[in-house]
Amino acid sequence: MIENMEEFNTEKVINEFEIMTKDAGRIQTETLRKILEDNGEAEYLQKLGLNGRTDPESFKACVPLVNHSDLEPYIQRMVDGDTSPILTGKPITTISLSSGTTQGKSKYVPFNDELLETTMQIYRTSFAFRNREYPIHNGMGLQFIYSSKQFKTAGGLSAGTATTNVFRSQQFKNTMKAIKSRSSSPEEVIFGPDFYQSLYCHLLCGLINRDEVQFVNSTFAHSIVYAFRTFEQVWEELCSDIRDGVLTSRITVPSIRTAMSKILEPNPELADLIYEKCSGLSNWYGIIPSLFPNAKFVLGIMTGSMEPYVKKLRHYAGELPLLSAEYGASEGWIGANINPKLPPELATFAVVPNVGFFEFIPLRANIEDQEKGELVSDPKPVGLTEVKVGEEYEIILTSCGGLYRYRLGDVVKVAGFHNSTPELQFVCRKNLLLTINIDKNTEKDLQLAVDAAAKLLANEKLDVIDFTSQVDFSIEPGHYVIYWELSDEANNEVLKECCNCLDRSFVDAGYVSSRKVNSIGALELRVVGRGTFQKILDRSVKLGGAVSQFKTPRCIAPANKGLSQVLRDNVVKSYFSTAFV
Ligand code: AMP
């Protein structure tokens, strides 16, 4: 752990990573040994009869693959206050709430100091590789980071999103100091209780420090796009605050007002400059470098469910490079981005071999077995160094946070190796999103369909701001419904074409054959009014979700009455695809 900020040394961190990844197989065995030794007392492991053995073979023979639901009874006991060693040797005192956006409900995941330390290691590794390519000196960042509310569970454990648990920790503050990275906003803004007020003040602090800002970042790309969409609405108010040195009365949280009063002073020159820059832009292209002339890059997770926001982010970022941040989950970390120059579409994550013990279920082998009619009740995972380039896998995690052989639910593809550790591309969440009968479509399939159809809007200079989907069984036969929010009004002919294009872009054999015989009905495109997806975000925030971890749900189960209602209430037009041939 970095205690002394003077000690951070980019080359040293890279060197350590090189040494470790040259010996990834051995490091994995050691990491597993350490996890099992530290947690040997845990009831869960005791029950499985490991009897103190810590080698990978015994581990795989004794410990089953599990899903989150298998561990819920154990986690619930901790949440309720049972302090005996249940999943970990040391009792768990903190719980992370994973975003769970895809499932529609947050999951509770144990969080501890060891997980925090792996988080810092990933941050340091990514930072070192990034810093080598894009050095920043005493770097101030305009960081759209937010802490969600922390609360106590019935049993007295602190609970918050993983990002909140990390941002609040002393280790995080030490690491940020060590890499000399500071936010342009004071802590009161980051930890403010009202997301919208924090966002406004993040923008204001960034503008006040515009010459010092060297990068713009957030956990997920969505938050950066959201921030600059908000900027488009509030820039005149921001200018007026800067001009008069008085914070708008819309900011009502006392701690934020006090903190901002120390930063804000009348600066008509700056206000004029920003005013001029904004009025001169016709479509906000390149607004980020225009406002922050010394920014070197924009950083955030841009892969997976964040891919749909990359286009808009690129628009705001102009010529600035977009850098993909690391890969992990509330359950544990997986990989660092050691090739920061790769564009988000090609980003890979080198697995850091000492942050967990990793196994991979080959997906193609399972599909082949299924095709041969064999049941895949017992998928055979391979080890970290045994994966093959070009193959797709489901990732299995054993962490220092009490998860053993845990199916994270992510599908990754091996793009190559860095020394002997694989570099992974994120493919999608494993959950099927859209399925009516024999059709199977994932988040990725939906995104490809939306990308293809959205191209038809390009001539009209329109964008899909956000999208989601649903299966509608209310009329026979069931059919797919795709919801789109558009940047402006589109004409009916174009939207009809988009609807047909969506229908034809789901190419899995199950969908195509079912459509041909009409056992799946015509696809329906429902256009929702401007601001609908904002309402979805608002709802998530109201229910205690964290903006830092917000991911638009790409499929809304009909049983999710609340969200279904928001969508239904906001439909302005709908179209059905024409007959499928
Ligand atoms: P959460 O449940 O909020 O902890 O989110 C964790 C999930 O976010 C992971 O399991 C992935 O599906 C997704 N995720 C995290 N990092 C990345 C990344 N770099 N690229 C794509 N998806 C990611």
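**Salt bridges and buried residues**

Author: In this predicted model, the side chains of R526 and E524 meet in a salt bridge, at 2.9 Å from N to O.

Reader: What makes the contact of R526 and E524 a salt bridge?

Author: The cut-off is 4 Å between a side-chain nitrogen of Lys or Arg and a carboxyl oxygen of Asp or Glu. R526 and E524 are 2.9 Å apart, N to O, so the pair is within the 4 Å limit and is called a salt bridge.

Reader: Why is R526 called buried?

Author: Buried means under 20% relative accessible area. R526 has 13% relative accessibility, so R526 counts as buried. E524, with a relative accessible area of 6%, is also buried.

Reader: What parts does the pair of E359 and R405 tie together?

Author: E359 lies in strand β13, and R405 in the loop between β15 and β16, so the bridge ties together parts 46 residues apart in sequence.

Reader: Are E359 and R405 buried or exposed?

Author: The relative accessible area is 1% for E359 and 6% for R405. Both values are under 20%, so both residues are buried.

Reader: How many salt bridges does a search of the whole structure find?

Author: The search finds 29. D23, R26 and E30 are linked in a network of salt bridges.

Methods. Residues are numbered from 1 along each chain as its sequence is written. This is a predicted model: local features need pLDDT of at least 70, side-chain atom pairs count only at pLDDT 80 or more; totals for chains, interfaces and linings use all residues. Side-chain values use heavy atoms; hydrogens and water are left out. Helices (H or I, at least four residues) and strands (E, at least two) are DSSP runs, numbered from the N terminus. Buried means under 20% relative accessible area, exposed over 50%, partly exposed in between (1.4 Å probe, protein chains only).
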